[in-house]
Amino acid sequence: MGFGVFDRFFIQECLGIGIIRYADGLSFHGLLVSRDSRGEIHFKDELSGLDAIVEFIKKRPTLAVSLAIYSDDVLFGVHLTDIEEDNIYSILGDEVFHGELDDFLVTFRGELYAFARKREIKEILQSMEGFGDQIIGLNLGPVNELLMARYKQEKEGEILQVGCFQFDLGLSPFTVEVRPPQDMTLDNRIIERVYVPAFCAALNALTGSVKLVGASEINSSIRDLPFKRFYLNARLPILITLLLLFLCNALFFVYLNDRNLEFRDHSAMIQGLAGKQGALQKYVDQNKELIEGRSELHVAALCDMIGSSVPRAIELDRIAIRPRQTKKKDPEQRMIEVVIEGQAGDPTDYARWVDNVRQMSWVSSVAYQQYNRSDEDMTKGNFRLILLRNVE
């Protein structure tokens, strides 16, 4: 019964614990039972004695535990029809409990039921207080073995013995008798008699075949154990994730700090450049007449003067500065041409701008101007303006 490569990710495990009360005390035997994704049953880790069981459970704080209790205090019977959880007390209340329903704990499967007073069971369960929140199943007497009896019925006949009880399933209702415990064979593997109750208890929990009434603590464990398992299994990944987030935040902080230092350096450099620009502008303002009176025109300064005069309604596409091509005897041969091309939305804005440019000191005259509406965009017009400047 080997495990497949991927089965281990889908295995359900339960530790069955068989508890038998003898005259000289309690006997504890445990067996780990698992069911894989194909529904096959496997068992291993035979545990004898309460100390060995407790040590094993301490290493597996999320392992499900199912108990089987055999005691003279456990009574049982067979009903004529299948018992349901919502009518268990109405069926058995008068003839069994005599009105003291809250004092009893009942387990049942099909027509078979077993019950005991809660105080008797609690005395047995006191030894389990250390891992009570892991107990998801409680099986009393023959109810614990009925599932295996039904399974073995097809192979061994109507009258058979599983562990401590003999079933005659050919009768209606069937009968149950107490017998000395014996070994059980399952798929050519022998389960020793002392581990049969533990095996049946774990199998009942894995298949959910036995119902329990009157034990709210165990019903709470059934609901809470998956959350406990998720919490304990997720602690380490969550801690690692938080540490990684902290490390990422620290690295990001260091990065931002370095970038902040760079920005400070750049800001200081920009402030220095701004100071130099202000000093240069002050020098230009103080020597404006000298600069404008120079015989050689500085192209960059000329472009700045043109650009500063352009209103928002006008967009410049091209500025060209070139010597004027004229005949040698033409008195304007020492002139240079400034060709300006662009777009204007309103001819009035364009005309006003041309008048402002004409009044500038560096403009000798307007040699040519043209304004046409754009074929692509009728809201704008294309213009071409040629200005002359004497370089002497």
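Buried means under 20% relative accessible area, exposed means over 50%, and partly exposed lies in between. I start from that scale because Leu239, at 46% relative accessibility, then counts as partly exposed. The model I am reading is predicted.

**Entry: the nonpolar patch**

I placed Leu239 in helix H6, residues 216-286. I then looked for a surface patch around Leu239. Leu236, Leu239, Ile240, Leu243, Leu244, Leu247 and Leu251 make a nonpolar one of about 690 Å².

**Entry: the negative patch**

Next I checked the charged surface. Asp82, Glu84, Glu85 and Asp86 form a negative patch. Where does Glu85 lie? I found Glu85 in the loop between strand S5 (75-78) and helix H2 (88-97).

**Entry: salt bridges**

I searched the whole structure and got 14 salt bridges. I took a few of them in turn.

Lys152 and Glu156 came up with an N to O distance of 2.6 Å between their side chains. Both residues sit in helix H4, residues 143-156. They are 4 residues apart there, so about one helical turn separates them. Are the two partners buried or exposed? Lys152 counts as buried because its relative accessibility is 5%, and the cut-off is under 20%. Glu156 has a relative accessible area of 42%, so I logged Glu156 as partly exposed.

Arg179 and Glu177 form another salt bridge. Their closest N and O atoms are 2.7 Å apart. Arg179 is partly exposed at 30% relative accessibility. Glu177 is partly exposed as well, at 37%.

I also looked up Asp36 and Arg38. Their side chains meet in a salt bridge at 3.6 Å, N to O. That distance passes because the criterion is a side-chain nitrogen of Lys or Arg within 4 Å of a carboxyl oxygen of Asp or Glu. Asp36 has 5% relative accessibility and therefore counts as buried. Which residues are linked in a network here? Salt bridges link Asp36, Arg38 and Glu40.

I went through helix H3, residues 118-125, for burial. Glu120, Ile121 and Ile124 are buried. Why are they on the same side of H3? They cover an arc of only 95° around the axis, which puts them there. I then turned to the other side of H3, where Arg119 and Lys122 are exposed.

**Entry: Leu26 and Ser71**

I compared a sequence separation with a distance in space. Leu26 and Ser71 are 45 residues apart in sequence. Their C-alpha atoms are 9.4 Å apart. Leu26 belongs to strand S2, residues 25-35. Leu26 is partly exposed, with 36% relative accessibility.

**Entry: backbone checks**

I went to the peptide bonds next. Ser172 and Pro173 are joined by a cis peptide bond, and omega is about -5°. I located Pro173 in the loop between strand S10 (165-168) and strand S11 (175-178).

Last, I looked up phi of Asp45. The value is near 55°, which is positive, and the residue is not glycine. Which strand holds Asp45? I found Asp45 in strand S3, residues 41-48. With 35% relative accessibility, Asp45 counts as partly exposed.

Definitions and conventions: Residues are numbered from 1 along each chain as its sequence is written. This is a predicted model: local features need pLDDT of at least 70, side-chain atom pairs count only at pLDDT 80 or more; totals for chains, interfaces and linings use all residues. Side-chain values use heavy atoms; hydrogens and water are left out. Buried means under 20% relative accessible area, exposed over 50%, partly exposed in between (1.4 Å probe, protein chains only). Helices (H or I, at least four residues) and strands (E, at least two) are DSSP runs, numbered from the N terminus. Patches are made of residues with over 30% relative accessible area and no salt bridge: like charges are joined within 9 Å, nonpolar side chains (Val, Leu, Ile, Met, Phe, Trp, Tyr) within 5 Å. Accessible areas come from the Shrake-Rupley method with a 1.4 Å probe; for residues, only the protein chains shown count as cover. Lys and Arg count as positive and Asp and Glu as negative; His and the chain ends are not counted. The place of a charge is taken as NZ of Lys, CZ of Arg, CG of Asp or CD of Glu. The arc is that of the directions from the helix axis to the C-beta atoms.
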